[in-house]
Amino acid sequence: ACLLVGVVHNSLPATVVMLVVFSFCCQMGCGAVFGIVPFVSKRSMGTVTGVVAAIANLGSAVTQAAFFSHPDVPAYTGFYWMGASVICLSAATSLLYWPMWGGMFGAKKPGTSEERYYISEYSSGERAAGLHLPALAFAHEARSERDDVSCCGTPRRPTWRQRWRQWRQQRQQQGELGCSTTLAPAHGGGSVC
């Protein structure tokens, strides 16, 4: 979208529309970047968030200086080249790799798990004191949101979607068993089981 701002600079309505689209894309990109933060280090999430935010601020200052501070370069050309640089730099996210999940160009490392990845940040003394348990709970919850695999022999807690489906199935079965209580017409009628 930022690239297109440089292309449609002769039309004010098209430029405004492209800037709005660019703003939406920018916010989605920020959300995607900050969405990765907990998966980098659960223990040091605050530190990782601070580093990501600092680099984002540095990037905005560098972009401003590189593309918009020269008096001979029009703003639409700056937008065009800023869009091109964002595309190129965003492509670097395809190189991200986590041993327990893999990456875009590589499979996961055999024998690794989320639990081992997050627990490796803690010393044996910290593990003995139970300081690793929140990170372990995060790993279990992340796994349960993705698939039906239980870990370490512990029963997997159902996700909210699975609990909702079970509730609906129970309600449907109750309806099949001949539940005939109905709501008053003022409440829309229907079966209440």
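Q: Is the crossing of helix 3 and helix 4 right-handed or left-handed?

A: The structure here is a predicted model, and in this model helix 3 and helix 4 cross in a right-handed way. The contact between them is made by Thr63, Phe67 and Phe68 on the side of helix 3, and by Ala75, Gly78, Phe79, Trp81, Met82 and Ser85 on the side of helix 4. Sorted by class, this contact holds six nonpolar residues, three polar ones and no charged ones.

Q: Which residues of helix 4 are buried, and what should the span of its 16 residues be?

A: A general point about helices comes before the case. An α-helix has 3.6 residues a turn, so residues three or four places apart point the same way. In helix 4, the buried residues include Gly78 and Met82, both of which also take part in the contact with helix 3; Gly83 and Ala84 are buried as well. As for the span, 1.5 Å a residue leads one to expect 22 Å for helix 4, and this agrees with its end C-alpha atoms, which are 22 Å apart.

Q: Which residues of helix 2 and helix 3 meet?

A: From helix 2 come Val33, Phe34, Val37, Pro38 and Val40, and they meet Met45, Val48, Thr49, Val52 and Ala53 of helix 3. By class, this contact has nine nonpolar residues, one polar residue and no charged residues. The axes of helix 2 (residues 12-40) and helix 3 (residues 45-68) come within 9 Å and cross at roughly 145°, and the crossing is right-handed.

Q: Where is Leu95 found, and is it buried or exposed?

A: Leu95 lies in the loop between helix 4 and strand 1. Its relative accessible area is 63%, and because a residue over 50% counts as exposed, Leu95 is exposed. Although Leu95 and Phe105 are ten residues apart in sequence, their C-alpha atoms are 7.2 Å apart in space.

Q: How many helices and strands does the protein have?

A: The protein has eight helices and two strands, which follow the pattern α-α-α-α-β-β-α-α-α-α along the sequence. Of its 193 residues, 18% count as buried.

Key:
Residues numbered from 1 in each chain as written. Predicted model: local features only at pLDDT ≥ 70, side-chain atom pairs only at ≥ 80, totals over all residues. Heavy atoms only, no water. Axes fitted to C-alpha atoms, helices over the stretch in contact; angles between N-to-C directions. Helix = DSSP H or I, 4+ residues; strand = E, 2+ residues; numbered from the N terminus. Left-handed = near helix turned anticlockwise from the far one by under 90°. Contact = heavy atoms within 4.5 Å. Nonpolar A, V, L, I, M, F, W, Y, C, P; charged D, E, K, R; others polar. Expected span 1.5 Å × (residues − 1). Buried < 20%, exposed > 50% of the residue type's maximum accessible area, 1.4 Å probe, protein only.
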